[in-house]
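Please read this briefing alongside the sequence and the model.

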Amino acid sequence: MRIAILDDYQNVALTFGDWDSLKADITVFTEPLTDVVKQLQGFECVVAMRERTRFPAEVLDALPDLKLLVSTGKRNAAVDVAAARRNGVVVSATGYIGEPTAEHTWALILAASRNLPQEFRSMREGGWQTGVGTMLHGKTLGLLGLGRLGAGAAKIGQVFGMETIAWSQNLTQEKAGPHGVTAVTKEELFARSDVLSVHLVLGERTRGLVGAAELAAMKPTALLVNTSRGPIVDEAALVDALRRKEIRAAALDVYDTEPFPADHPLRTLDNAVLTPHIGFVTREVYEIFYGDAVEDIAAYQAGSPIRVMEG
């Protein structure tokens, strides 16, 4: 079996999981594919890292040798599962844990609140204090989405002594109450939040949900945090709001285009704290991703696929 492991940016995939047990010909791609169809010809199995590479119908139709597509995580919006099934391609998932992303959310909140990137840089350059930070105790944490990750973020905010409020299209006080969170209107969420953290799944209802009007409604001292998916926030509107100091800062781990373009204007803004989509990038998550991927492939080789995505 010829196996392609995609988008292994740190070149570590083969150190997680018992790949040797598969007795396969394995090729690791450490850079984004430039021509998916051309570069994946001849591979029977592809291991895709979450949503880094798209597999729409036209790509799947053009890969006749592909029989198994393993996607790390439990869902992948970049894979047309129905088209895969039509082409006789099995799509298998892996396990996933969300705690690292929740932890990284708070790394970003703390870094932005205490101006840590600037202070780090000053210390390395021989300097000392450069700015004045903001404390979280007594402030309001607004959660755009109160699923598992949003609820986890709320719990940490409460430990910091923050008031926690939330909104999503189907959120009720009955659902929010057990988490110690107050359900509010969308307008209240943006107007009251000192820190507004995005915890929604990207879809037609959430794409561009945070636009110019929502940013304009926020406090000029507010911090916007996004560790979910880039397109939930209108990137152009955010750049404009940051340039005009409409909000104090943004802390982002996700972007419209990934890897993030080197010349993107967000990279030039002092009030943007940026990390390269590493919320889930931990040893513990990779052990699950690649360990399960090996299990998925072995099960397919044995004729009994596991963790098959249904659509």
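A salt bridge here is a side-chain nitrogen of Lys or Arg within 4 Å of a carboxyl oxygen of Asp or Glu, and the structure holds 12 of them. This is a predicted model, in which local features need pLDDT of at least 70 and side-chain atom pairs count only at pLDDT 80 or more, whereas totals for chains, interfaces and linings use all residues. Residues are numbered from 1 along each chain as its sequence is written, and side-chain values use heavy atoms, with hydrogens and water left out.

**Salt bridges**

- Arg86 forms a salt bridge with Asp61, with 3.4 Å between the closest N and O atoms; Arg86 lies in helix H3 (residues 81-86) and Asp61 in helix H2 (residues 57-61), so the pair ties together parts that are 25 residues apart in sequence.
- Helices (H or I, at least four residues) and strands (E, at least two) are DSSP runs, numbered from the N terminus.
- Arg86 is exposed, at 57% relative accessible area, while Asp61 is partly exposed at 44%; buried means under 20%, exposed over 50% and partly exposed in between (1.4 Å probe, protein chains only).
- Asp296 and Arg307 meet through their side chains at 3.1 Å, N to O, and because Asp296 lies in helix H11 (residues 283-301) and Arg307 in the segment after H11, the pair ties together parts that are 11 residues apart in sequence.
- Salt bridges that share partners join Asp292, Glu295, Asp296 and Arg307 into one network, in which Asp296 is buried at 0% relative accessibility and Arg307 is partly exposed at 33%.

**Aromatic contacts**

- Rings of Phe, Tyr and Trp (its six-membered ring) pair if their centres lie within 6.5 Å, with planes under 30 degrees apart counted as stacked, over 60 as edge-to-face and the rest as tilted; the count comes to 9 aromatic pairs.
- Phe280 and Phe289 form a tilted pair, 6.1 Å centre to centre with 45 degrees between the planes, and Phe280 is buried at 2% relative accessibility, as is Phe289 at 0%.
- The charged end of Arg50 sits over the ring of Phe280, 4.6 Å from its centre, where the criterion is NZ of Lys or CZ of Arg within 6 Å of the ring centre and within 35 degrees of the ring normal.

**Helix H4**

- In helix H4 (residues 99-113), 11 of the 15 residues are buried, so the helix is largely enclosed by the rest of the structure; the buried residues include His104, Trp106 and Leu108.
- Asn115, which follows H4, has a positive phi, near 55 degrees.
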